[in-house]
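Hello,

Here is the structure I promised to pass on to you. Have a look first, and then read on for my notes.

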Amino acid sequence: MKKVDVVVIGAGAAGLMCAAEAAKRGRSVLVVDHAKKPGRKILISGGGRCNFTNYDVTASNYVCQNPHFVKSALSQYTNWDFISLISKYGIEFEERDHGQLFCVDSAKEIVDMLLKECELVGVNYRYRCEISDIEKTDIGFTLMLDSDELACESLVVATGGLSMPKLGATPFGYQIAEQFGLSMIPTTAGLVPFTLHKEDKEAFSELSGIAIPVVVESENGSSFKENLLFTHRGLSGPSILQISSYWKAGQRVTIDLLPNDDLSEELDKMRESNPNQSIKNSLAKLLPKRVVETLLNKTIFNERSLKQVNPKEQQELCSLLHKWQVLPNGTEGYRTAEVTLGGVNTDELSSKTMESKKVPGLYFVGEVMDVSGWLGGYNFQWAWSSGYVAGINV
């Protein structure tokens, strides 16, 4: 039976980070994956440019049932540590909105860097490999890789979540956790577009492709000021992806379509200068005309002029646009989701090492656990940080 010190299941961001750090300590490390190549999610992320971290990373940028869990790993391996690493490799990067950092050239540079880090310290790989029969032993674990039996002291589960199944996402990591008696937080799609009920879908699908700046708020009070994008199926754009991680089925979201204006004041000004102007044409100075027409359709404002609207009606109009209530039908699901909410309950893990409290030598890193970051490089930073702290402890 072949023996290694550490087996890492999953050749993604967290798994490769963990493997490199473990091998730097002289541990013999084998990375196994059912895919043909490593880092597939890294390669397609950020439109092929990989939004690898953010200039401003705090625990508040993460969704987790235990809001304190992420603090230790994020402080042990910071965004600045990763920026230092890519700078060492001469990878050029640029800052976009909200401190998001992207490769100037290609996400492939990040994968190449991680593989180089692993290569320098002798990490071994095995791809297109089926794993079965994982058992706990007195000194660690045994597992079957295809038809080969392998023993290891430490087993790291870095299998990711259920998002983007076309890239080979599976529930395998969750099955390992359940096999060893770890509790789970139910999983759902996160950072994902909303679908709409039939009537709303029909009304708003004609606006497909239009993007506007909004503030969107969930029922729990979380809010984001970003663009909203109308699609053929519903609503998307950064604001919707962000709020989807805080939305539960059956809840409404409230959208301020004019976050930079006080509509009542604007209407008063326009009424003074042009009282006979229609409400539709007045609002078309503040919002795309097609959006205005769709929102006002079937309302009393559709054919009215500014002077025909009394104070109470104006208040209703302002409420319609500043507090537009949308009841999503659901989300587009894991097919287009950028992350998986839920996963291995963090109460089962050490926040300092990512090791299972119940099963010595068993570690979970990255998206497989109940930690999901905002849009903007936060999920990759969690991969680097959690992978690092597991790697220096396995």
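Which residues does Asn345 touch, not counting residues up to four places away in sequence? They are Ser183, Met184 and Ile185, where contact means heavy atoms within 4.5 Å.

A word on how to read this: it is a predicted model, in which local features need pLDDT of at least 70, side-chain atom pairs count only at pLDDT 80 or more, and totals for chains, interfaces and linings use all residues. Residues are numbered from 1 along each chain as its sequence is written, and side-chain values use heavy atoms, with hydrogens and water left out.

Back to Asn345, which sits in the loop between strand S19 (339-344) and strand S20 (362-364). Helices (H or I, at least four residues) and strands (E, at least two) are DSSP runs, numbered from the N terminus. Asn345 has a relative accessible area of 13%, so it counts as buried (under 20%; exposed is over 50%, partly exposed in between, with a 1.4 Å probe and protein chains only). A polar atom of the Asn345 side chain lies 2.9 Å from the backbone nitrogen of Asp347.

Now to strand S1 (residues 2-9), where six of the eight residues are buried. S1 pairs with strand S10 (residues 148-157) in the parallel sense over seven bridges; pairing takes at least two DSSP bridges between two strands. Val6 has Ser154 as its bridge partner in S10. S1 also runs parallel to strand S2 (residues 29-32), joined by four bridges, and there Val7 is partnered by Leu30.

Best wishes

Methods:
A polar contact is a pair of N or O atoms within 3.5 Å; within protein, one must be able to donate a hydrogen and the other to accept it, and residues adjacent in sequence count only if both atoms are side-chain atoms.
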